[in-house]
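Here's a quick briefing on one strand and the neighbours around it.

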Amino acid sequence: MSDYRGVSVEDTRAAPPQPGSRMARRLAAAAPPPKDPQRGHRGRDGGGGGGRMRVLAWVSIAATSLMVAGSLTGYVVYRDAFDAINKKNVKEDIITPRPRDTGALNVLLVGSDTRAGDGNARYGQETARLADAGGKRTDTIILLHISPNRDQARLVSFPRDSMVDIPKCKNEKTKQEMPPHRAMINSAYNDGGIACTISTLETLTGIRINHFAEVDFSGFKNIVDSLGGIEICLKSGVNDKNSKLVLPPGKSLLNGEKALGYVRLRNYGDGSDIQRIKRQQIFLSKVIAKATSNDLLTDPVKLTGFIKSAAQSVTMDPDLANDPQKLLDIANSAKDLTAKGVKLTTVPWMPDPEDKNRVVWEQPAAGELFNSIVNDTEMPEPEPSATAAPKVAVKPGQVRIQVLNATGVPGKAREVADQLAKEGFQVVGLGNYSAADGTPVAATEVRYPKTAETGADHAGVLAKKLNPGPDPQAGKVKPGTTEPYVPTVAPTTTPAAAGKKGPVLQLVIGSDFKGVRVTKLSEAVEKNTISASQQRNVCV
């Protein structure tokens with residue numbers, strides 16, 4: 001894997017796909033088609049546009065989230081700047097079935113490497129060919145996910161060299177329908193524009209993408225300059241001809257031009273794309289922090305300049321650009337993320353068995369990540385308390401559960417049982433249940449025996465791990481069918497370590513059930529996430 005340089009920074013369905021399921025077939029790594037002659041393997045020479053494009057989407061985050069910082073002090077004052085946003089409506093060009101809208105705010109952020117315009121024309125070795133052909137690519141595809149309650153957020157990057165099944169799309173220029181095919185994910189943008197990229201991600205992940213934002217080379221530099229530069233820290237100095245960058249070891253304040261050279265830098269450290277991505281992620285967490293700082297928000301002159309710069313650098317869908325409340329939601333979430341530490345995740349990947357210069361998404365970890373997004377089942381980290389004494393609580397290993405499928409969807413009980421077992425609960429049985437008239441049950445229920453003194457305590461532990469989390473009820477129901485549960489995943493605890501066993505509860509899965517809340521995503525996801533501690537005052 002040491003020769004791979006193609007990974008970029010970071011997509012939902014229900015749970016991680018079951019073997020043989022439609023989602024598993026969709027995401028399975030099939031043999032890739034012949035290599036795209038336009039998109040070969042990239043080395044360290046810095047001539048390709050991958051680093052630039054990946055980071056441009058991170059600046060899209062700033063542009064999307066933070067150009068609306070004016071909303072925090074009064075939208076009307078900055079109306080002229082908002083009106084300068086470039087707008088593009090692509091709704092009619094999305095021709096694939098769309099996932100359900102969960103109430104979350106999902107914004108697709110891309111960096112466009114189009115060479116159109118005087119400010120962009122001089123970047124990249126492919127300038128002449130792309131300019132003549134009118135071509136463009138996006139090596140960065142990032143999803144900004146904000147939960148329905150606007151209290152949690154995550155940024156997920158998709159590796160640009162991912163081999164995926166691209167669905168039918170309209171050609172961006174001719175509007176003719178293009179058949180489904182297998183290719184690198186970034187080719188969807190070149191052929192079908194942002195609409196095809198949206199279709200591809202929605203089809204692969206099950207995540208409804210509500211809005212999009214694009215930014216180009218000049219936009220990146222303008223945003224950094226309007227913030228007064230970004231400070232970085234290097235373990236060793238840089239003197240790189242390809243990126244035209246000379247920097248000493250230690251701290252440096254980068255203007256827009258130097259920042260562009262820094263984020264595309266390859267000939268540094270071990271020269272790997274993985275290390276470069278981490279530098280980019282840390283750099284852009286600093287962009288977000290600076291753009292949401294009180295120093296900017298309380299300075300009308302600086303704030304106006306920043307908003308104008310960002311607005312002129314971005315293209316959005318009209319529904320987002322014309323909706324101050326949505327923009328404010330993003331701005332507030334970005335500000336909150338800065339305080340807590342921005343979660344920056346790359347979708348889990350592995351080398352493509354057919355081509356070491358390409359990647360495929362690692363399963364079941366990628367499916368688990370998508371599921372946590374589409375259903376918002378990842379639990380926030382508990383807030384530390386310096387005064388409250390620890391409570392003696394029932395542990396998941398002490399909670400015994402019979403899982404009953406009342407949705408009418410075959411296999412749902414086992415799917416949920418596996419999720420609960422992974423979280424450390426003791427699942428003792430499976431079954432089916434229906435309402436008195438034989439129809440599915442609408443609302444999920446957690447039930448405990450009326451005679452169990454600690455039944456409500458045990459049931460409460462289970463209810464907190466469910467989305468939605470119902471109020472526990474006394475009294476159990478009579479299942480239609482039952483069977484023992486044989487784990488298909490290794491439990492995280494054992495009966496011997498669990499302590500005293502509690503009563504057997506019943507989880508009646510209703511049609512409203514979204515999923516089991518996970519305390520921690522899989523190791524494959526966690527290792528691809530930049531933590532808050534890595535973002536603060538580190539030298540890379």
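β2 and β9 run parallel and are joined by five bridges. Keep in mind that this is a predicted model. Let's start with the strand pairing and work towards His211, which is found in β9.

**Strand pairing**
- On the β9 side, which spans residues 211-215, Phe212 stands opposite Leu108.
- β2 also pairs with β3 (residues 141-146), this time in the antiparallel sense, over six bridges.
- In that pairing, Asn106 stands opposite His145 of β3.

**How covered is β2?**
- β2 takes in residues 105-111, and seven of its seven residues are buried.
- In a regular strand, side chains alternate between the two faces of the sheet.
- One side of β2 carries Leu105, Val107, Leu109 and Gly111, all of them buried.

**Around His211**
- Is His211 buried or exposed? Its relative accessibility is 4%, and the cut-off for buried is under 20%, so His211 counts as buried.
- Leaving aside residues up to four places away in sequence, His211 touches Leu105, Asn106, Val107 and Leu108, along with Asp317, Asp319, Leu320 and Lys326.
- With Asp317 there's a polar contact as well: the two side chains are joined at 2.8 Å.

Technical notes. Residues are numbered from 1 along each chain as its sequence is written. This is a predicted model: local features need pLDDT of at least 70, side-chain atom pairs count only at pLDDT 80 or more; totals for chains, interfaces and linings use all residues. Side-chain values use heavy atoms; hydrogens and water are left out. Helices (H or I, at least four residues) and strands (E, at least two) are DSSP runs, numbered from the N terminus. Buried means under 20% relative accessible area, exposed over 50%, partly exposed in between (1.4 Å probe, protein chains only). A polar contact is a pair of N or O atoms within 3.5 Å; within protein, one must be able to donate a hydrogen and the other to accept it, and residues adjacent in sequence count only if both atoms are side-chain atoms. Contact means heavy atoms within 4.5 Å. Two strands pair if DSSP finds at least two bridges between them.
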